[in-house]
Amino acid sequence: MIEHLNTVCYRFKSVENSWTLPVYLEHGGYAVWKEIVKTAPDPKDLIEVIKRSGLRGRGGAGFPTGLKWSFMDRNAPGPKYLICNSDEGEPGTFKDRQILTTNPHQLIEGMLIASYVMGLDVGYNFLRGEFALPFQRCESALAEARAAGLVGASILGSKLNIEIHNILGAGSYIVGEETAMIEALEGKRAYPRYKPPFPAVHGLYGQPTTVNNTETLASVPMILAQGADWFSGLGTEKSGGTKMFSVSGHVNNPGVFEIPLGTSFESLLALAGGLQEGRSCLVVIPGGTSMRVVPGAEMLTSEMSYEGMEAVGSAIGSGGLIVMDDRTDIAQALAVMMEFYQHESCGQCTPCREGSGWVSALTARLAQGLGKPGDIDRLYAIAKQIEGRTICAFGEAISWPVTSFIQHFRPQLEVGIASNESSENCT
Amino acid sequence: MSAAVNIKIDNQSIQCQSGQSIIEVADQAGIYIPRFCYHPKLSIAANCRMCLVEVQQAPKPLPACATPVSEGMVVYTRSRKALQAQQDIMSFLLINHPLDCPICDQGGECDLQDLAMAYGRSRGEFEEHKRAVEDEHLGPLVSTEMTRCIHCTRCVRFGEEIAGMPELGVMSRGGRAYIGTYLGKGLHSELSGNVIDVCPVGALTAKPSRFKGRSWTFKQHAQLARHDCVGSHVYCHVQSHYTDAAHTVMRVLPRAQEDLNEVWLSDRDRFSYEALQHQRLTQPQIKEGGQWKVVPWNVALDVITDRLSGIIQTAGADQIAGCIAPSATVEEGFLFQDWLRSLGVRNIDCRMREADVSHDLNVGLGPRLACTLPEIETHDRILLLEAFPRRHQPMLNHRIRKAAQSGAAVLSWGSRLQDANYTIAFNETLPISTWAEHMATLVKALLQLKDDQVYQTLSAALEPLEVTPTIQTLATTLLDHQTPPMILIGETMLQHPDATQIIAWAECLAGLLSTQLSWVTSGANTAGLWLSGCVPHRAPGAVPLPKEDIGLGTLESFKAQLKAYIIHDVMPDLDVMGSRQALEALNQSAFNVYVSPFESSAARDWADVILPCAAGYETSGTLVNATGTWQTVASALAAPGEAKPAWKIYAALAAWHHTETQLKFDEVTAVAQAVEHAVQSAKAQNKHDQAVLVPEAIQVTPPTLWGVAYWHDLREDTLVRAAPALQLQAGEDVAYARCNTLTATTFALNETTYVQVKQGEGQARFKLKIDESIANHTVQIPMTEPVSASLGLCTGPIEVEACA
């Protein structure tokens, strides 16, 4: 049994009507926010708490949150913005949806605190286009919070003005990239921007903007309520706190599990009901399909933490964990992923636009057993040609799965190469 | 503030400014970095990735176009790492691009082709199906072959950032992304042809010249655009190989000139070269017994000399008038008037559309701009009075747009709303008949806001006028800055029958705002022709003539029904205000000469001698633009058949008449020098000083129904009318009379029936379009429709009724 299961963002998993204000208040909700509004603490102290808690961005890149917040210039002229990235599009990832559905108030409270800390005026919660129920829940929660005077102009009678809006996206993967999301909010195509300048300097409408993941922001009220030490103590030395994993694939009980970082993969697999009878774990994608894959045997001796995943050459990413057992057709699995990426490439920059289609065509051929000699080397070379040459990290998202699959499963992929000699001999 | 920064590119130490990108600095230092999406006049997209370079200490190659320089930066553009990245990008660009340069119109001048030679690998590895993209019909000017597109989005950014009309966009995404209009209605920007230039590949090419020749067989000539008073610089490409098209203009491209057209060109200037191949007159002809007969040049010149001498002997030289198109060169204008004035003819004019020229002596050197084009951008308020530069002077409008984008308030007041491609701060209409009254009221509003000793004396004359809130707003805006605003007056104002009064009040307005009036004129060389003596009241050098030597203006000379008319490159049925008066005069006169590059069926009726002359780029000559810049170019090609440059024709006619064997000028360059010298000496003797127009008291009269004569920008002159692709681009829209709903309701007009316009004794029937941009009590009349030839002064009172 794992201690501290579902204690931070997913703590209302089994609480009835947890998305409503009365239930949230009953569980101590908005206490931190009310205290902040009342006592107006020094934002620097709050950033210090977040830094000490070890909280890192839960969207994929794992950038230390406190550090990111400290980049924002409170005194920059003009409006400043917070964007909550709820465009959860990474294949295999479905944990933010649970926060948005079961715990929208904690997210709102997190956004309010973040806005206070960084001196931001408006927060946008950008939900992915397919999130109908989460959007509904967020909208009703926001209306409740607004009616209670927690959001909007002169919050709780103070001089604080923080506006929050929920925005439903139009359905694309790339809008989850922070600068693409900024473009989309400005009413343009979701094209990632070239960085620098970074959003903290030149973001939404050219103004300083901070973009945080849903889980990151929703963790903030609990950290401030329970203390930095409590949170960091939940995890390991280098990976503070808890992380939600959405486990899917060949497991008996797929679902979302919020576990302390540093929990062993084996325990997480057990939580998800384990593998089917008589099966072995062939390969695991630990953090969404954009991360490098890890062979099952290596995973089984690993712990779920930033450093643990780094040790096996991958990353915790978004926490979208996909387990594949020994029945998996590796070429088919790769082809499915590459089909997704070629479909979702925004088409803005050359390597990704042209490379994603090429990679997809090659992997599809391998999956059908129609590969040609040299295809795997070519595939590897193309992936390397894309990597590091694109505007956004999408290039790596195509490249990493390809190169890691080839690295670990080259023999399985070679099965897909049709032997031209033999087919000629037949005729 | 930008600070000096020291960087190293390819081991070369360079000092540059912070804020510059690596590619800018490299370009200045002559180090070439390959690129497709980067364009110095467009925003940075960094999407092609071709300019990836190695920057020391950066983990990944960085795009040179989007990476700002920083102190101590060390850049390698051709290191192993940089070249590897560039070659990888090239291989991606080529996988879906057709590798069939020999059948592509861009072949030989294609960025992708050139860079593929340098960075492409010799063997392709792509064995999948290539992408194919459906072509879109973008209209008669731009041809598409979208399979060749490399998605650099230069055309998209051009539309958004320069044309101010985002007509092209990226549809779909990933490998399926393509460029299109979505609505499928084609391109309609007046600058649309520039997408051809910015496109680095053969996806967008020029439709009129497509597949007609290869760039390496063209000879390039520096020339000038002939349609507006900007005088954009162009390159004229002439086929030099011995093909069927030998010695014809194959296409026209912009020639970079930062002070005029930057690197752009309007569609009219780009595509009007086609006219050189169409409707041309190639042989001198005389009319004998109602039949046209081709004759040698000497016979034609004999006929003209004899007939004009006869008229001078029997009726006097005052029975002769000369009308010259405002697009004629300084040399043509000078020799035209020199020949006629040597005959004693005083009635010489280059202004075809002005109804009231009694202000003549008050516009010194002629109508022109008070500042240069780049200076337009520095104004913080620009007032457009009856000026619609977007279609008529597109490159001038480009400057106004840039001013507006950097925060200038553009204020427009005219007989129709401004169809602007930028945010416009004040956009109001007024009935065209009330211009003088409105101009005076604006002066009154300013006088109420600003104490001014000089103009306070006008108060009595302004007594009956009432300042409306609209005018009050305008006056307040004009006064709310310390810097003087720019006041631009359009050519339509000079066509107004009350022009003198309007100008007088406009001068007061300018005086009150401590600024000078700027005028735009029709034609490419109105300014130059004023200086060449092609106005009835000024000799070459714009020297005022003594009263007894002042002749009649164009309209007056037609009204006077003289005995002979010499018409140069003007079609009186289409180009003249008062075409009815013109045609009546030409039909009753004894002898008319039509000198033109272009055939005209109307001229076949009224002319007695037709002389074919060179057109546009076929002429060497000088044009003076609205900023007063003299620009001389050499002809790019010979005129077809026996057509001669017009300056030679008039030089010959003068010699013929005076039976001299020596031409006064046999070198075209000497003519412009003579004129320029005359201008300088007149200036030295203060002969350009102008008298001050004194405005008269205004009678307030309720607005009445007036027409406003409208020359569509793609029908405006003989050259553009003969250019087929531009005529297709003009479409059917040009044929409509237009008025707003109020006017239509008042006169029971609708779009399903026709509108009968009566002007004086003439009448004409037009299709009607209800257009809310037109002012009340105003009907816009398309002067370039053949039926409108029967109408007189269309800017003036008219009557309308619905008819079947």
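Predicted model: local features only at pLDDT ≥ 70, side-chain atom pairs only at ≥ 80, totals over all residues.
Two residues are taken to be in contact if their C-beta atoms, placed from the backbone, lie within 7 Å. Residues are numbered from 1 along each chain as its sequence is written, while chains are lettered from A and ligands numbered from 1 in the order in which they are written.

Helices (H or I, at least four residues) and strands (E, at least two) are DSSP runs numbered from the N terminus. What covers the buried residues of helix 12 of chain B includes helix 14 (459-462), helix 15 (469-479) and helix 17 of chain B. A residue is called buried if 20 or more other C-beta atoms lie within 10 Å of its own, exposed if 12 or fewer, and partly exposed in between, with C-beta atoms placed from the backbone. By that count helix 12 of chain B is mostly covered, with 12 of its 15 residues buried. Among them are Trp435(B), Glu437(B), His438(B), Val443(B) and Lys444(B). The expected span of a helix is 1.5 Å times one less than its number of residues; for the 15 residues of helix 12 (residues 435-449) of chain B this gives 21 Å, which agrees with its end C-alpha atoms being 21 Å apart.

A nonpolar core is a set of buried Ala, Val, Leu, Ile, Met, Phe, Trp, Tyr and Cys residues joined through C-beta atoms within 7 Å. The largest such core has 382 residues, and those with the most contacts inside it are Val443(B) and Leu509(B). Its largest share, nine residues, comes from helix 17 (residues 499-512) of chain B. Leaving aside residues up to four places away in sequence, Val443(B) touches Leu458(B), Leu462(B), Trp505(B), Cys508(B), Leu509(B) and Leu512(B).

The view now widens to chain B as a whole. Its secondary structure comes to 27 helices and 35 strands, and buried residues make up 55% of its 804 residues. The C-alpha atoms of chain B fill a box of roughly 90 × 70 × 60 Å along the principal axes. The radius of gyration is taken over C-alpha atoms, and the globule rule is 2.2 Å times the number of residues to the power 0.38. For 804 residues a compact globule would have a radius of gyration near 28 Å, and the 29 Å of chain B agrees with this. Of the contacts in chain B with a separation of 6 or more, 72% are between residues 24 or more positions apart.

Domain bounds come from an automatic or database domain assignment. For chain B the assignment gives domain 1 (4-103), domain 2 (128-277), domain 3 (285-313 + 320-363 + 524-684), domain 4 (373-519) and domain 5 (706-803). The C-alpha centres of domain 3 of chain B and domain 4 of chain B lie 34 Å apart. Their contact takes eight residues from domain 3 of chain B and nine residues from domain 4 of chain B. Here Ala, Val, Leu, Ile, Met, Phe, Trp, Tyr, Cys and Pro count as nonpolar, Asp, Glu, Lys and Arg as charged, and the others, Gly among them, as polar. The domain 3 side of this contact has two nonpolar, three polar and three charged residues.

Chain A is divided into domain 1 (21-232), domain 2 (235-325) and domain 3 (330-414). The C-alpha centres of domain 2 of chain A and domain 3 of chain A lie 23 Å apart, and seven residues of domain 2 of chain A are in contact with nine residues of domain 3 of chain A. On the domain 2 side these are four nonpolar, two polar and one charged residues.

Some backbone details deserve a friendly look too. Most residues other than glycine have a negative phi, and most peptide bonds are trans. The peptide bond from Lys195(A) to Pro196(A) is cis, with omega near 0 degrees, and a cis peptide bond also joins Pro196(A) and Pro197(A). Pro196(A) is found in the loop between helix 8 (178-185) and strand 4 (209-213) of chain A. Glu262(B), which is not a glycine, has a positive phi of about 55 degrees; with 21 C-beta neighbours inside 10 Å, Glu262(B) counts as buried.
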